[in-house]
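Dear colleague,

Please read the notes with the structure open beside them.

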Amino acid sequence: MTNSVRVRVPAKVNLALRVGGTDEQGFHELGTVFQAVSLGDEVRATTALPGQFRLSFLGEGAAFLPTDDGNLAIRAAKLLARHFERTDVGVSMVIRKRIPVAGGMAGGSADAAAVLVACNALWDLGATRSQLHDLAAALGSDVPFLLMGGTAIGTGRGVDLTPVLTDGTYHWTFALSHAGLSTPAVFKEFDRISAPRPTEIPAELLEGLRVGDAHKVGAALINDLEEAAISLQPTLAHTLKIGLEAGALGAIVSGSGPTCAFLAGSDGHAAELAEALGVFSGVRAVRRAHGPVAGAQVL
Ligand SMILES: C[C@@](CO)(OP(=O)(O)O)[C@H](O)COP(=O)(O)OP(=O)(O)OC[C@H]1O[C@@H](n2ccc(N)nc2=O)[C@H](O)[C@@H]1O
Ligand SMILES: Nc1ncnc2c1ncn2[C@@H]1O[C@H](COP(=O)(O)OP(=O)(O)O)[C@@H](O)[C@H]1O
């Protein structure tokens, strides 16, 4: 049995996020297109004594993250052990974070997906993709996509996934905000200021992705949570405007925000956007990435 495993996991951006009505548990019906991007976290999992589940962080936001059961990574490891009735396992995990915390890029979900993949290998469980998908869906709405990666349509709570045919590489610049936004707070603000929307994905977006036309994709980006995120953090409107004025092919709040995503025509263009956005006081930091990339993978 291996005693140490490293897993890389991407962040996500929602190219479309349509928000419909709520189900009996208060979850909104979604129609979304996820894309996995190269800004990612890395998990190193090492065997520990039975029943020991340890976690520490390095990098982005490390000081502010819980390391107990409040962390999705610990919950993922314990859920996997429980599901396979393995009381003889334990794990010590170090997560190098690059994905902004509470940024709408699914950092916590990404770590949970990575831990499922890492502990499955570390404990030699032989879980199938479908078993991992079901455990991921029990942990959170974004977790199954971070296992899958690529570009995919998500329906229901966002966990029913269908891969999307895409061509080409998409170059992104991300503008990080000074403060995070809580996902439940943004959905609550959406309920306060908006009516449920039809959850159809724009046909132009899928067509643009199919033929690899970044201009078409940029023009079709849509996020029904954007207004709610801007209502809670008004500076985001300025950030989006700055990116568009600097020539972004499309600009959007990423998921529940507050990270703003800008589509560029090339890597060089993404660097120009990063320069224009980086000088705005409302932006804490800028990051560049490309997509689509693979989901959580053992290195
Ligand atoms: C909005 C999205 C878009 O991909 O992600 P983020 O941008 O926050 O990363 C997701 O729907 C978030 O997914 P995730 O962060 O995993 O959410 P969960 O833990 O499942 O749910 C957190 C809370 O968000 C709200 N929620 C989430 C998903 C959904 N379909 N409807 C909801 O109303 C609920 O209030 C729920 O209690
Ligand atoms: N491993 C983790 N990485 C990041 N955040 C985590 C993690 N575990 C729990 N959290 C908590 O989840 C919340 C949402 O963080 P995150 O998943 O980064 O954002 P988002 O849902 O906006 O994409 C934060 O308040 C954070 O404290």
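Within what distance do the axes of H1 and H3 come, and at roughly what angle do they cross? Before the reply, a word on conventions: this is a predicted model, in which local features need pLDDT of at least 70 and side-chain atom pairs count only at pLDDT 80 or more, while totals for chains, interfaces and linings use all residues. Residues are numbered from 1 along each chain as its sequence is written, and chains are lettered from A and ligands numbered from 1 in the order in which they are written. Helices (H or I, at least four residues) and strands (E, at least two) are DSSP runs, numbered from the N terminus.

**Two helix pairs**

The axes of H1 and H3 come within 10 Å and cross at roughly 135°, where axes are lines fitted to C-alpha atoms, for helices over the stretch in contact, and angles run from 0 to 180 degrees between N-to-C directions. That angle makes H1 oblique to H3, since angles under 35 degrees count as roughly parallel, over 145 as roughly antiparallel, 65 to 115 as roughly perpendicular and the rest as oblique. On the H1 side, Leu72, Arg75, Ala76, Leu79, Leu80 and His83 meet Leu135, Ala138 and Leu139 of H3, two residues being in contact if their C-beta atoms, placed from the backbone, lie within 7 Å. The residues of this contact of H1 with H3 divide into seven nonpolar, one polar and one charged (Ala, Val, Leu, Ile, Met, Phe, Trp, Tyr, Cys and Pro count as nonpolar, Asp, Glu, Lys and Arg as charged, and the others, Gly among them, as polar).

For helix H9 (residues 235–245) and helix H10 (residues 267–278), the axes come within 9 Å and cross at roughly 140°, which makes H9 oblique to H10. Thr239, Ile242 and Gly243 of H9 make the contact with Leu273, Ala276 and Leu277 of H10, and the residues of that contact divide into four nonpolar, two polar and no charged.

**Helix H2 and the residue after it**

Of the 16 residues of H2, 15 are buried (a residue is buried if 20 or more other C-beta atoms lie within 10 Å of its own, exposed if 12 or fewer, and partly exposed in between, with C-beta atoms placed from the backbone). Asp124, which follows H2, has a positive phi near 55° and sits in the loop between H2 and helix H3 (129–139). Asp124 is exposed, with 11 other C-beta atoms within 10 Å.

**Other backbone features**

Most residues other than glycine have a negative phi, and most peptide bonds are trans. Glu85, although not a glycine, has a positive phi of about 50°; Glu85 is in the loop between helix H1 (72–83) and strand E4 (91–97), and is exposed, with 7 other C-beta atoms within 10 Å. The peptide bond from Gly257 to Pro258 is cis, with omega near 5°, and the one from Gly291 to Pro292 is cis, with omega near 0°.

**Glu42**

Glu42, in strand E2 (residues 28–47), counts as partly exposed, with 18 C-beta neighbours inside 10 Å. Leaving aside neighbours within four places in sequence, Glu42 is in contact with Arg6, Arg8 and Arg96.

With best wishes
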